[in-house]
Amino acid sequence: MKFSHESIIKYICIIRIHVFGIKLVTDSIQHDVVIIGSGLAGLRAAIAAAAYGKGDTSIGVFSKVQVMRSHSVSAEGGTAAVLFEDEGDNIESHIYDTIKGSDFLADQDVAERLVKTIPHEIYQLDHWGMPWSRRKDGRIGQRKFGGYSFPRATYAQDKVGFYEMQTLYDTCQKYDNINFYNEWYCTSILKENNLFRGLTAIEMKNGNFVKIKAPAGIICTGGAGRIYSFSTYAYSSTPDGIDMAYRAGLAMKDMEFVQFHPTGILPSGILITEGARGEGGYLINNQNERFMKKYAPEKLELAPRDVVSRSMIREIQEGKGFKHESGYDCLKLDLTHLGDEKIKEKLSGIREIGIKFSGIDVIEAPIEIRPVCHYMMGGIHTDFDGKTELGGLWAAGEAACNSTHGANRLGANSTSECIVWGRMTGEQAAQFALDRKGSTIEISHDQVLAEEKRIFDGIFRGRGQVNPYEVRKELTDTMDDKAYVFRTEETLVSGLKRIRELKALTWKHVDDKSKEYNTNFTNVMEIDAMLRTAEVVLMGAINRKESRGAHARIDYSNRDDINFLKHTLAYYNSEDEPRLTWHPVTFTRYAPVERKY
Ligand SMILES: Cc1cc2nc3c(=O)[nH]c(=O)nc-3n(C[C@H](O)[C@H](O)[C@H](O)COP(=O)(O)OP(=O)(O)OC[C@H]3O[C@@H](n4cnc5c(N)ncnc54)[C@H](O)[C@@H]3O)c2cc1C
C-alpha cells in the first residue's frame with residue numbers, strides 16, 4: 001500500500017491526537033489580511049484594512065487575550081497632537097520636541113509623519129464617539145506632558161487608552177469583514193520565498209493547532225516590558241510577536257533603549273501617569289525638596305522621562321530617598337496641593353490605584369514612587385511605512401520600531417504612533433492583498449511540521465527539572481538588577497551571563513497536559529521568547545558604548561555622535577549569539593545638539 005505525503009501527515013496527526021490528547025488541525029483558516037494583536041495599533045489597522053477594500057477584504061484579528069484586555073486599555077495620560085495652532089502650538093515644535101526627546105536617534109522623516117498625521121486621527125476618533133475631556137469652551141482638552149513645548153497630550157480623564165480602545169472596538173463592529181479570534185495564541189510566522197504566507201496559532205479554548213493563510217500580515221503585539229519584574233505592563237506584554245519576527249530572520253532594532261517611567265508605585269510598579277505632573281504634581285526627596293530644579297531648571301518634573309528617572313536615582317544615591325516598607329529606596333510624588341476637586345475630576349483613576357494598591361489617597365498624602373520599566377523604544381525593524389524586511393508583512397505599534405522615538409520616547413507619543421501606523425499599515429496590507437486576490441497561497445508542510453515539532457516536541461512534551469516560573473522570575477529580576485536606569489559593562493556582562501545560564505537550564509517543559517486554556521503551555525512559550533529578547537537587549541546595551549536617551553552608561557557617560565549615531569540591528573543566529581549590525585539614522589533638517597531642559 002502506498003501513502004501520499006498528505007495522508008502520512010494526517011496519520012501521524014491522528015496518532016498524536018490519540019496519544020497526547022492534542023488536536024492538530026491540518027485544515028486552515030484564510031483571510032486577506034491577518035493582524036496579530038488587538039491593542040490600539042491592531043484595532044486601528046483592522047478598521048483601515050476593512051474600510052480600504054470597500055468590504056472586499058476579509059480581515060482576521062488574532063489576540064491571545066480578549067480585545068479589551070490588551071495593554072492599550074491601561075494608557076492613562078494622553079495622546080500627543082497639535083490641535084491649537086490658533087493658540088500658539090505648531091507642527092514644527094512637536095516634530096522638534098520628538099526629535100530632541102529621542103536624543104537625535106529618531107528618523108526625522110518618521111517623526112515628521114507622526115506629527116503631521118495625528119491631528120486628523122484625533123478628530124476621526126472624536127467622530128467615532130471618543131469621549132475626550134473638554135475645556136470649558138467645549139474644545140477638546142489637552143494637558144502638559146514631559147518634554148513638550150506646549151500642552152498637547154489630548155486626554156480623556158486619566159483613562160485615555162480605555163476610551164480609545166472602546167471607541168475603536170465599537171467602530172470595528174460596523175464592519176462585517178473584520179473577524180475576531182480572541183484567545184488565540186500565535187506561535188510563528190509562515191513564509192515562502194521571502195514572502196509572508198500566514199501564521200500558526202493555538203486556539204486556546206480547545207488546544208487546536210491551526211494554520212492560518214494570508215497574503216498580508218501586520219504584527220501589533222505590543223511592548224516587551226514584562227522582561228522586567230518592576231514594570232507597568234500587563235502580564236501579557238511579553239515579546240512573542242517581536243520574537244516571531246526575529247526567528248523568521250527579521251531584525252530587532254534598538255532594543256537596548258528601554259524607558260523607565262519616573263512614577264511607578266510601590267510595591268507593584270503600577271503606573272501613576274505623567275498627567276499627574278502635567279496637572280501640577282511634583283517630586284520630593286526626604287528633605288522635602290523639589291529636587292528637579294537642580295537637574296532641569298526650566299522643565300522641572302516635566303523634563304523627558306529619561307532625564308527625570310536619572311535625577312531620581314542620583315537623589316537616592318546621595319541618600320535623599322525614602323525607604324519603602326518593601327525595602328526599596330524611593331521618592332515621593334506630591335499631589336496634595338492640587339485639591340480634592342481637580343484630582344477627582346482629572347485624575348480619578350490614579351487616585352483609585354493609589355488607594356487600592358499602595359494604601360495611599362493622593363488627595364491626602366504624597367505617594368511613594370520609583371522609576372519603573374514602562375516602554376520599549378526598540379522592536380521589529382520597519383521602514384518609514386511600517387513595512388518589515390519580509391514581503392507582505394508590516395508591524396505597527398509598540399512591537400514595531402519605525403524609529404519615531406529613537407533613544408527616548410516622549411509621553412503621549414506612543415498611542416499617537418499606534419493610531420497613525422495602525423491606519424497606514426492596515427491600508428497598505430489591504431492593497432497588497434487586493435492586488436493578489438484569487439491567487440493561491442502555498443505553504444510547505446515541512447514548515448508547519450517544523451513549527452509543530454518546535455512547540456509540541458520541544459516545549460509541550462519537553463522534560464526537565466527546573467521550574468519555568470522560577471526561570472521567568474530570575475530573568476526579570478536579572479533585568480531589573482543589571483539593565484536598569486544606569487548601566488555599566490560589568491552589570492551588563494554579568495546580566496548576559498546569567499540570562500545565558502538560564503537559557504541553558506532544562507526548564508522547557510509543561511506540567512499541565514490539558515487541552516483547554518493551557519496557560520502553562522503559553523507561559524512557557526512566552527518565557528522562551530523573553531529569554532531571547534533579554535539577550536538582545538543586553539547585547540545591544542553592551543555594544544553601545546555611549547549614553548544616549550534612556551541608555552545611560554556610567555562608564556561611557558557622554559553621547560558619542562561620531563561612533564554611535566546609528567541604530568542597532570540584531571539578527572537571529574540559531575540559538576547562538578545574535579548577529580549585531582548598524583543601520584543609519586535618517587536626518588532631514590535638525591542637527592544634533594546637547595539636550596537641555
Ligand atoms: C500603564 C501604561 C500607561 C500608558 N499610558 C500611555 C499614555 O497615556 N499615552 C501614550 O501615548 N502611551 C501610553 N502608554 C504606552 C502605550 O499605551 C502602548 O505603547 C500602546 O498602547 C501599545 O499598543 P499596541 O497596540 O502596540 O499593543 P498592546 O495594546 O500592548 O496589545 C498587544 C496585543 O498583542 C496581542 N498578542 C501579543 N502576543 C500575542 C500572541 N503570541 N498571539 C496572539 N496575540 C498576541 C495581545 O493579545 C494584545 O491584543 C502606556 C503604557 C502603559 C503600560
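This is a predicted model: local features need pLDDT of at least 70, side-chain atom pairs count only at pLDDT 80 or more; totals for chains, interfaces and linings use all residues.

Trainee: Which residue stands opposite C373 in β17?

Mentor: F260.

Trainee: What about β16 and β17, how many bridges there?

Mentor: Three, in the antiparallel sense. Strand β16 covers residues 329-334. L331 stands opposite I369 in β17.

Trainee: And β17 itself, how many of its residues are buried?

Mentor: Ten of its ten. Strand β17 runs over residues 367-376 and is mostly covered.

Trainee: What goes on at the start of α3?

Mentor: A side-chain oxygen of N90 comes to within 3.3 Å of the backbone nitrogen of E92. Just after α3, D103 has a positive phi of about 55 degrees.

Trainee: Next one: E526. Where is it?

Mentor: In helix α16, residues 519-543.

Trainee: Buried or exposed?

Mentor: Buried. The relative accessible area of E526 is 5%, and the cut-off for buried is under 20%, so E526 qualifies.

Trainee: What is E526 in contact with, leaving aside neighbours within four places in sequence?

Mentor: K64, Y185, T238, D240 and R472.

Trainee: Now rings. How many aromatic pairs?

Mentor: The count is 18. One of them is Y181 with W184, edge-to-face, at 5.0 Å centre to centre and 75 degrees between the planes. Y181 and W184 are buried. Another pair is F456 with F521, which is tilted: 5.7 Å centre to centre, 55 degrees between the planes.

Trainee: Where do F456 and F521 sit?

Mentor: F456 is in helix α13 (residues 445-460) and F521 is in helix α16. They are 65 residues apart, so to speak a link between distant parts of the chain. F456 is buried, and F521 is too.

Trainee: Which residues make up the cluster linked by ring pairs?

Mentor: F209, F456, F460 and F521.

Trainee: Last topic. Which ring does the charged end of R143 sit over?

Mentor: That of Y155, 4.1 Å from the ring centre. K566 lies over the face of W582, at 4.6 Å from the ring centre.

Note on methods
Residues are numbered from 1 along each chain as its sequence is written. Side-chain values use heavy atoms; hydrogens and water are left out. Buried means under 20% relative accessible area, exposed over 50%, partly exposed in between (1.4 Å probe, protein chains only). Helices (H or I, at least four residues) and strands (E, at least two) are DSSP runs, numbered from the N terminus. Two strands pair if DSSP finds at least two bridges between them. Contact means heavy atoms within 4.5 Å. A polar contact is a pair of N or O atoms within 3.5 Å; within protein, one must be able to donate a hydrogen and the other to accept it, and residues adjacent in sequence count only if both atoms are side-chain atoms. Rings of Phe, Tyr and Trp (its six-membered ring) pair if their centres lie within 6.5 Å; planes under 30 degrees apart count as stacked, over 60 as edge-to-face and the rest as tilted. A charge sits over a ring if NZ of Lys or CZ of Arg is within 6 Å of the ring centre and within 35 degrees of the ring normal.
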